[in-house]
Amino acid sequence: VLIYSIDDKSSSTVLVSLYAVKLIKCVMMLQLPLVVTAQVDLVLLLVSLLALWTRLSRLSYPNAVVFDEVYYGQFVSLYMKRVFFIDDSGPPLGHLILAFGAYLGGFDGNFVWNRIGAEYPSSVSVWSLRLLPALCGALCVPLVYLLTLELRFSHLSALGAALLLLLENSLIVQSRFMLLESVLIFFVLLAFFSYLRFHNTPSSCFRYGWLILSGASCAAAVGVKYMGVFSYLLLLGVASLHTWNLIGDRGLSVCVQCVCRVVCLLVVPVLLYVFWFYVHLSLLHRSGPHDQLMSSAFQASLEGGLSRITQGQPLEVAYGSQVTLRSSASQPVPCWLHSHKANYPIRYENGRGSSHQQQVTCYPFKDVNNWWIIKDPGRQELVVSSPPRPVRHGDVIQLVHGMTSRFLNSHDVAAPMSPHAQEVSGYIDFNVSMPTQNLWRVDISNREAESESWKTILSDVRLVHVNTSAVLRMTGVSLPDWGFRQLEVVADKLFKAQSSSLDWTVEEHRYGTSQEQKEREAELHSPTHIDVNRKISFWAKFLEVQWKMLTVKQEDSEHKYSSSPLEWITMETNIAYWLHSSTNAQIHLIGNPVSWGVANLSLLAYQLLAAVYLLRRRRGFKDLPDGVWSQFVCLGCVCVGGWVVNFVPFFLMEKTLFLYHYLPALCYLHLLSPALLEHTHTHLLRYVHTHTHTHTHTHCILSLSC
């Protein structure tokens, strides 16, 4: 060992020289010619080619829409046209992958996905639409082969698992169409394979590339369908156990190991998950049919639709402003505060009396009767002053109906459909000792400061009745025929009302300039437009889209091919994907009875065997060496655990279920079957044979001794 004493100025020169000498020595040690050797697993290559052949051959057949292609195809068309949509069944990555395949084939989105069996025109490349799901389905076969090897089982077991997936006709059918199950299965298998490769690889810097790939695959699985979350949680559980075991090794830097795992398996997936939405929202910038699910602020940020109406509106609501108020609880159908020239009936059907004043409702259509004027109680003017005086949080206002000039009023009279709440009306003085109570306090629920002004679209406002402290809200109950089946609006106590139904948003807004009624009516009928652009941030969009996907559910209807989870295990169900109109040729999604039976037996056998092992180990009998026992436990965590997390949650779901929902869980059982067979042959049967041979040999020795 040479120890150099050098000053700071010459240290870099000496180090460079040392590295140069090292490099020269390494070059001198090389012998010509340079030869690179590579090992090729011919079995892996063969099963990969067979998988590509079974999934990609004649991919354009049939040249017609097959089952759920009618559903996913609509989203692909919207991507091609950059039209915003939201799908409550899952995040956008799966749709992005399908849209990318359509883009590669030059699809322009001009195809109406209106029915199953509709023929694709010659301008649509059916092969490219189905290419990426088929490719993912084909790659699942070699992935299962490699995953079996990472579980420390033999190449023969890996071949068995690959053949089970290769010959599983339900997986073949599902992979050959524009559907997402094969994509989900691919990313889940890739995540587990990458993590086990990282875990089994000796310590080196390059092994963390596998860990990053595992985290990215987890994010992709969740980004395709929310069911990927359960496999992701399972992988985190396995990784946590491995990390816990590392803590006991004093030869490792535990902090570095933990930080790397947290970054790769938690931070990277979260960042990628957000990135899928960033791409999704960046592409879809035009207004579309799903706008009504979103808030007014979100709609106004899209090109066309509401933005054409709201673009350039004054930002701050002022005294004299003409506004339309949309209920935040009116989802998925929008609804605006409304009044018209019709009164509540003197008596309702149940005999209760009313105020007989002008009806105030919530109307789900754009209408001139949705306009209201913000009035200062201390002034008579209904126009905006110069400069405008903005309305702020805590101000007391009056709301005047634009077309009838009635004041928004509430009083101690029971509402028509919700008698526990107060009636809301347009005040009419019938001279019957019912004084006006038309003062409302502005409460901005999402304000950042106490003196914040009321903003168009951005502010969520609660209108609190000054006299009774009740809050204006929509109940969602339809009025009878006398109320034209419009939705009821009441004033309810704050502690009794749900928070989601309390907020109102100013959607359309203009500064009023006409004091006379006739001129004002003409003004309300005419649109205003000022060229000012106002957008919301990506994070606001992301959080709103995420919340809508998790909370807004489409109505599920009964389907003749729907099934229950118990029917999947016994394969008592199938799905008719396609039927030719003239030749009666059919495509059905149905499992392979032999492989499904083997899978079920393997699942049962593993559980029984694990129970026996655990009981005997508890009694002090270790039938398996520690290494083999760890291998057996890891097999159960990945395969049996994977089956459980992808099957049991469906019992808790209220959505319509189909046979293809079982395919991710089935893949884990196909991975389990050959590995369990090898374990039984290698350890269980050999143990029995050895035990019998030892017993016979001992008996012979005792006989000779006698």
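A search of the whole structure finds 1 disulfide, a term that denotes a pair of cysteine sulfur atoms within 2.5 Å. The structure is a predicted model, in which local features need pLDDT of at least 70 and side-chain atom pairs count only at pLDDT 80 or more, while totals for chains, interfaces and linings use all residues. Residues are numbered from 1 along each chain as its sequence is written, and side-chain values use heavy atoms, with hydrogens and water left out.

The disulfide joins C335 to C362, with an S to S distance of 2.2 Å. C335 lies in the loop between β1 (321–327) and β2 (336–343), and C362 lies in strand β3 (residues 358–363), so the pair ties together parts that are 27 residues apart in sequence. Strands (E, at least two residues) and helices (H or I, at least four) are DSSP runs, numbered from the N terminus. C335 counts as buried at 1% relative accessibility, and C362 is buried with a relative accessible area of 0%. Buried means under 20% relative accessible area, with exposed over 50% and partly exposed in between (1.4 Å probe, protein chains only).

Other cysteines may be considered next. C667 is buried, with a relative accessible area of 2%, and C218 counts as buried at 4% relative accessibility.

Attention now turns to the helices. Two packed helices are described by the angle between their axes and the distance between the axes. Axes are lines fitted to C-alpha atoms, for helices over the stretch in contact, and angles run from 0 to 180 degrees between N-to-C directions. Helix α2 (residues 42–56) packs with helix α5 (residues 126–150) at an angle of about 155°, their axes being 9 Å apart. This angle makes α2 roughly antiparallel to α5; angles under 35 degrees count as roughly parallel, over 145 as roughly antiparallel, 65 to 115 as roughly perpendicular and the rest as oblique.

The contact is made by V43, V47, L50, A51, T54 and R55 of α2 and by L159, A162, L165 and L166 of α6.

Key. Contact = heavy atoms within 4.5 Å.
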